[in-house]
Every structure is written in structure tokens, then in C-alpha cells.
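Open the model in your viewer and keep the selection tool at hand. The stops below go through strands and then helices.

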Amino acid sequence: MSPSPSLTAFVDGIGVLGPGLGDWPAAARVLRGEAPWASCPTMLPVPQCLPATERRRMGAPVRLTLAVGLEATSRASASPAALPTVFASSGGDGQNCHEICQVLASSDRRLSPTRFHNSVHNAAAGYWSIATGATAASNALCAYDASFAAGLLEAIAQLAVDRTAVLLIAYDTGYPEPLSRVRPISDAFGVALVLSPTRGAASLAQLSAVPATGPADCMADAEFESLRRSIPAARSLPLLALLARGTCGRVAIEYLDDTSVAVELSPCR
Amino acid sequence: MKALALTAFTATSAIGRGLAATLESLRAARSGLSRCAFETVVLETWIGEVPGVDAAPLPQSLTKVFDCRNNRLAWLALAQDGVAEAVARSAARYGPERIGVFLGTSTSGILETELAYRRREPATGALPADFRYRGAHNTYSLAAFTRQALNLAGPAVVISSACSSSAKAFASAQRAIAARLVDAALVGGVDSLCLTTLYGFHSLQLVSRTPCRPFDVSRDGISIGEGAAFALLERPSASLDADAVLLLGTGESSDAYHMSSPPPDGRGAREAMRLALESAGLAASDIGYINFHGTGTPSNDAAEACAVAAVLGGGIPGSSTKGATGHTLGAAGALEAVICALALRHGLMPAGVNTTQLDPLLAVHYLRENRNAHLSRVMTNSFGFGGSNCSLILGRAG
């Protein structure tokens, strides 16, 4: 038996969009306790970087991931076209899935072709590459509630082995009724991290991560803890809070079963 | 990359349950496709259905949480060829927390949800009380089930990038082993028939009304299949048998072009193949056989042929085995990697069945008859919706 070594990366850029969290600086202020958190439905912008035909076709996950991905790459001064990506989501496009299941349960099973190609779990990754011209490897992962941590492990393994910067995007948008009753996801939440193997001018912090046996950390604030638990991608909140504080520290992110991924952070500034 | 050994592997598809049956079908150049009579589907098409999936139960203790066609197919496949036993030996050696699970699927157990939507409570619209989202519908269900059924405790993830899913599972697993996140990895793919894909591909006019004919001049679409394939990846031991199969290289790319069709020049496919060769430290001339993605749609095969000719030249023999198995979507990458492992082990280049008149515009050496020859290294291609491409290179130890 050989224990996992910690895998390290530099965090060069962050993008966040969630309920009452409009972007990373706003989220960071709230997470530091400098501004009150007013929870309101997540506002998903309509990106201008896709052709009009593609814009019409895209669902909430595409808008969410373009917003956080472009925020993170912009803050990192990184070219989105140059980065391999890891997309992690618990369920892909829930609204689209519902529409398909409804049609298939009806007497007329003719599906819309757009609905069908949007149903793949990597739809957001596909639109991202079309919108940004990113031709490098792109992964689309799922690990249910552990999807953020699974995406982080995939991204840092890729970075460690291939020695390239990686863009990690974790997101969830939830289901409408009736699936929302069996899989409640309270709102849309997305987080993007530009992770780099070497320290650069944009580096905010050095991060190391390793699977651990203990349970995940909770958020001290009850409302944030509720947010963390109600959207799989928001399982990233303890890490985002530590990044917002800009201090050294260690957090445990929810992973499979009762395990976690332990993340240690030391700021670069 | 450092080569990894496939210390156990198996495949189940319309052409057979397990390696012996699969090899026998390949040797006989037999197609497993049949007229679609799946569930209540009314479509004039042919499918690659695995017989007996509904009659193959899960382990009793896992039925309540995980029962669905996709997990039944997974469990049926894992019982073949000593894969589950090899995983247990590996877990005893390294520790169950050191074995990763990296599996690909495109639709997981969505069939359960499709059926549940027919049984919604008329007054409230609610799904039936016996519907289980997490263990059936959710994309991760396949890896959760497999990890639990095999008593593993290491990292696990489902890769779901449509038809490249389970090829990319090999790439993710090799990185996790190289980064020492795990010491061994169960990789594979499982996808099962459902209405979403049958009616969905039909809506895109990508389904053939006859058994699919990859690379044929009159090819007109895919035949959807289902399948499950697994391999245990480990660092090779110092002494390998000559017929041991190794994963030598992986290459991944994105088209950045269109959600459901490739660029005509296949540039994304080209890049995936080039990166796979680079990762293996090999030249094009080292490849002895190519298992094409070869779905049988006019544009897919044309783009792939263009890319193969550009990277490997037109002389390396290749075939698509989808005329035999159907397109098993998220399982296709792993299924065709295992077919490549059989090709290496038995010196068999399987013919592409159903194809009668090759498209003269496709500048590749397409095999319409089986060829027996010693093979050292082979390549397999998998390209999916969203422009997700992955090429793998496998080889013999000696």
C-alpha cells in the first residue's frame, strides 16, 4: 500500500456565480463577512461569445459555465482557447432531461434534435469549446454530490502528469418538477478555477489536495451551510471561503461516502 | 506515458457475453444486430441488444438502491472472464482504497426515468414512489454501483462525454495512476438501450433503417447497440507474458466546431491520434491495425477517414466493429479497446461486417474480411457529441 502524495497546483483565477453571489469579488466579500449575503435567485447572463444560432439553443448550464469560466480565465489573464478543461456536474441539464422524458412518455415521441444533443452530460463542455475555440482535452465528469471534489482530483492529476494549466468548472442547475422532488437542487451554482502547475504573476494561492478519510468541513454560517448542502457544486464553499480570506489553512471538501478531499492552501500574496 | 498492463479484461455486447463468445463472433464475422423490438419503441431500425439483461439480477443487497438495466448489464459483464476476481486480488494487494473506478456511460439508467414518467400521479404529476433517482437515473450510479459491488473504497468517477466516454476513462485512469492517486484502476464503459438515444439519434436523422454499414458507399446512419466492457489497469510487473496487453498511449482533443457533427477534415480526430502516438512514443508506422470509430454516418466516416489518412497514411488496415456490435455509445471506447486486446492476443484483425461496397472517397485500408497476422500495436478511435475525441494505443508485451 502506498498513500497518495499531495498533488499541488497554483490557483490563478476564480469565477463564481450562485444565489446572491454575482461574481468572485462579490462572493469573496460575503464569504469574508464584509458584506451581507442576500440570497436571491441566480442570475444567468446571456453570453455574447456564441453565434446567435447557438445562443438560442443553449440551456442554463451553458450560460452558467460560460459565465464562471470566462470570469476565471479573465482574472487569471489566461486564454480560454489554450486551456484543457474539466467539467464536473451532478446532473447536467435537468430542464432538458425533463422535457425529453415528457415527450417520450407522450403519444408523440418525436424529439427535438437540439434537445437530444443538449442531453449529453458534456453539452456545456462542447459549447465552451465552440465558444472559446478551445481544442485541448475536455473532460465531463459526474460523482453525484462529490462531483466538485472528483473534478478537483481529475484536474490536479492532469496538471501533475501533463504539466499544463487546467480550467476546472463545477456546476449544477437543478431539475424542474417532478424530478426536483426526488433530486432537490435549490438553484444554479457554478465555480471555475484556473489551476496552474507553476507560480505566475496571477497566482493567488498554492493548493495541495489529497483524498482523506475524515468527513467534510461544514460552513460555520448556517445559511452558507444550507447553500453548501443544497447544491452539489456549492460543496466547494469551504475552499472558496478559505481562498476569500487569503490565509493559510486546510479544509476538507465533501467526497464519496463519508470521505473528503483535504485541501491545504497557502496564499501567494 | 508509462505503459500500463490490462491484467484482466472482458466485454459483453450483442456479439457475445464474455471474451470467448466475442472472439468466436469476430472470427465468424458475425453481426449481432437485429430488428428493433426494444420495449415499446416503434422505429424502423436495427439494434445491438444484449440478450438476457433483464433476467440478470444485481447482488441481492444492492437491488433496492441500484436496480436498473444499465447496472444489470454492468454486473452481468463483471461476472465474466475473472474480472471481479482480479479486482479482488488487486484490492487485497494494494488496499481497497488504492483501487480507482473510472467508468464511462452516456445515459446511465435513464430508461428507469423514461418509464417512471409514464406512471406519473395524474393529479400531482409526481413520479411513482418506487422511482429511485440516485441509484438508477444519475450518471454516477454506474460507478457507485460498481465500487460498492466490488467492495472498493478508492476514488471513483463517471466520465460522460457521449461516445468518447469510456475511451476517456482509460486516459483519466492512467493519469490517476501516474499521479499515484491510485495503484490500480478498474476502467470501462456501460451503456444500455433506452428511448432517449433511440428516438434522439432518430431525430437527428442519424439512424439507419438497415444494419449499419460503416465506410460503405451507401452508408446512411448508425445502429444503436448496448454493451459493457471492463479492464483492470495496473503498473506492469517485471515479467510479463508475451501476450500480455498494455495501454501504451492516450490522446484527447476537442473539435470546437459543432455539437453533433465533426469538422469535415476531422482535425479534432487528427489531433487525438497524433497525441496518442506522441504519448506512446510511437510513429504511425508502428501501428498494425486501427479500430475505427466508424459509426456509419456519411459525415462521421468521411471526417475520420480524412483524419486517419493525414496522421497514419492510407495503408494501415482497419475496420469498424460497429457493424457487428452496433454503436454502444458511452461503452464503445472500452468495448473497442477490449476488441483490440483480443486482436493483439489472437493475431486477428476483425473484418468490418455489413459493408459491401467501400466508399472510394475514403482513403483508408478498410478490411472487409478477417485477417490473421501478428499484431504488436493497435489504435482505437472514439469521437463523441460535443466534439470530444479520444484515441488509445494498445500493444503486446512481446
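Two strands pair if DSSP finds at least two bridges between them. Keep that in mind for the first stops in this predicted model.

**Stop 1: a hairpin.** Select strand β7 (residues 249–254) of chain A together with β8(A). The two strands pair in the antiparallel sense, over 6 bridges. Now pick Ala252(A); opposite, in β8(A), stands Ala262(A). Move on to the hairpin of β7(A) and β8(A), with 5 residues between the strands. Which residue there takes a positive phi? Select Asp257(A): its phi is positive, near 50 degrees.

Stop 2: Click Ser208(A), then Glu264(A) in β8(A): they stand opposite each other. As you step along, recall that side chains in a regular strand alternate between the two faces of the sheet.

**Stop 3: two helices.** Select helix α3 (residues 60–75) of chain A and helix α6 (residues 123–132) of chain A. Their axes come within 9 Å and cross at roughly 55 degrees. The helices α3(A) and α6(A) are therefore oblique to each other. Their crossing is right-handed.

Show the contact side chains next. From α3(A), take Pro61(A), Val62(A), Thr65(A), Leu66(A) and Gly69(A). From α6(A), take Ala123(A), Ala124(A), Tyr127(A), Trp128(A) and Ala131(A). How do the residues of this contact divide into nonpolar, polar and charged? Colour them by class: 8 are nonpolar, 2 are polar and none is charged.

Notes. Residues are numbered from 1 along each chain as its sequence is written. Chains are lettered from A and ligands numbered from 1 in the order in which they are written. This is a predicted model: local features need pLDDT of at least 70, side-chain atom pairs count only at pLDDT 80 or more; totals for chains, interfaces and linings use all residues. Axes are lines fitted to C-alpha atoms, for helices over the stretch in contact, and angles run from 0 to 180 degrees between N-to-C directions. Helices (H or I, at least four residues) and strands (E, at least two) are DSSP runs, numbered from the N terminus. Angles under 35 degrees count as roughly parallel, over 145 as roughly antiparallel, 65 to 115 as roughly perpendicular and the rest as oblique. A crossing is left-handed if the near helix is turned anticlockwise from the far one by less than a right angle, and right-handed if clockwise. Two residues are in contact if their C-beta atoms, placed from the backbone, lie within 7 Å. Ala, Val, Leu, Ile, Met, Phe, Trp, Tyr, Cys and Pro count as nonpolar, Asp, Glu, Lys and Arg as charged, and the others, Gly among them, as polar.
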